Amino acid sequence: QVQLVESGGGLVQAGGSLRLSCAASDNILRFNTMGWYRQAPGKQRELVSFITNDDRTNYADSVKGRFTISRDNDKNTVYLQMNSLKPEDTAVFFCHAAAYYPRHVDYWGQGTQVTVSS
């Protein structure tokens, strides 16, 4: 069973930065996409960003220009650099990985709390 372990969350003031890390227990090149979702209190989980195994990236409109996703295949780790954080970014951030072949399988981390104070 693949494990995804997030780290890097915490409390930061508005305008600050955090870098989240997601370490996988398996070779991340086996996943078609890896990325980050977040869930704020009382809201549904939403996609923040993902990166494909050929390094294409995608961002939610709310984080474009502020967040950057990257990957280190040698370390089996995906990162989310978050700059210019806003109070509305406060949420639990979950790492996600998806493999599509031979069948679609999703993997999730336990989540890491990000709190942005105003």
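Is G65 buried or exposed?

Author: G65 is exposed, with a relative accessible area of 85%; exposed means over 50%, buried means under 20%, and partly exposed lies in between, as found with a 1.4 Å probe on protein chains only. Before going further, please note that this is a predicted model, in which local features need pLDDT of at least 70 and side-chain atom pairs count only at pLDDT 80 or more, while totals for chains, interfaces and linings use all residues. Residues are numbered from 1 along each chain as its sequence is written, and side-chain values use heavy atoms, with hydrogens and water left out.

The place of G65 is the loop between strand 6 (57–59) and strand 7 (67–72). Strands here are DSSP runs of E of at least two residues, and they are numbered from the N terminus. Along the chain, G65 and S84 are 19 residues apart, and their C-alpha atoms are separated by 9.3 Å.

Strands of a sheet pair through backbone hydrogen bonds, either parallel or antiparallel. Strand 7 and strand 8 are joined in the antiparallel sense over six bridges, where pairing requires at least two bridges found by DSSP. In this pairing, F67 has M82 in strand 8 as its bridge partner.

The loop between strand 7 and strand 8 (77–82) contains N76. This residue is not a glycine, yet N76 has a positive phi of about 50°. N76 counts as buried, at 19% relative accessibility. A positive phi, of about 70°, also occurs at D55, again not a glycine; D55 lies in the loop between strand 5 (46–52) and strand 6.

Apart from neighbours within four places in sequence, M82 is in contact with G16, S17, L18, L20, R66, F67, F93 and V114, contact meaning heavy atoms within 4.5 Å. M82 is also one of the residues that touch the most other members of the largest nonpolar core, together with L4, F31, M34, W36, L80 and F93; this core has 32 residues. Such a core is a set of buried Ala, Val, Leu, Ile, Met, Phe, Trp, Tyr and Cys residues joined through side-chain atoms within 4.5 Å. Among the elements that give two or more residues to this core are strand 7, strand 8 and strand 9. Strand 9 supplies the largest share, five residues.

The structure holds one disulfide, a term that stands for a pair of cysteine sulfur atoms within 2.5 Å. C22 and C95 form this link, with their sulfur atoms 2.0 Å apart. It connects distant parts of the chain, since C22 is in strand 3 and C95 in strand 9, 73 residues apart. Both C22 and C95 are buried, and their link is left-handed, with -80° about the S-S bond.

Side chains of opposite charge can pair when their charged atoms come close. A salt bridge is a side-chain nitrogen of Lys or Arg within 4 Å of a carboxyl oxygen of Asp or Glu, and the structure holds six of them. R38 forms a salt bridge with D89, the closest N and O atoms being 2.9 Å apart. This pair joins distant parts of the chain: R38 is in strand 4, whereas D89 is in the loop between strand 8 and strand 9, 51 residues away. Salt bridges that share partners join R38, E46, R66 and D89 into one network. The side chains of R38 and E46 meet at 2.7 Å, N to O. R38 counts as buried at 6% relative accessibility, and D89 as buried at 1%, whereas E46 is partly exposed at 37%.

Note on methods:
Helix = DSSP H or I, 4+ residues; strand = E, 2+ residues; numbered from the N terminus.
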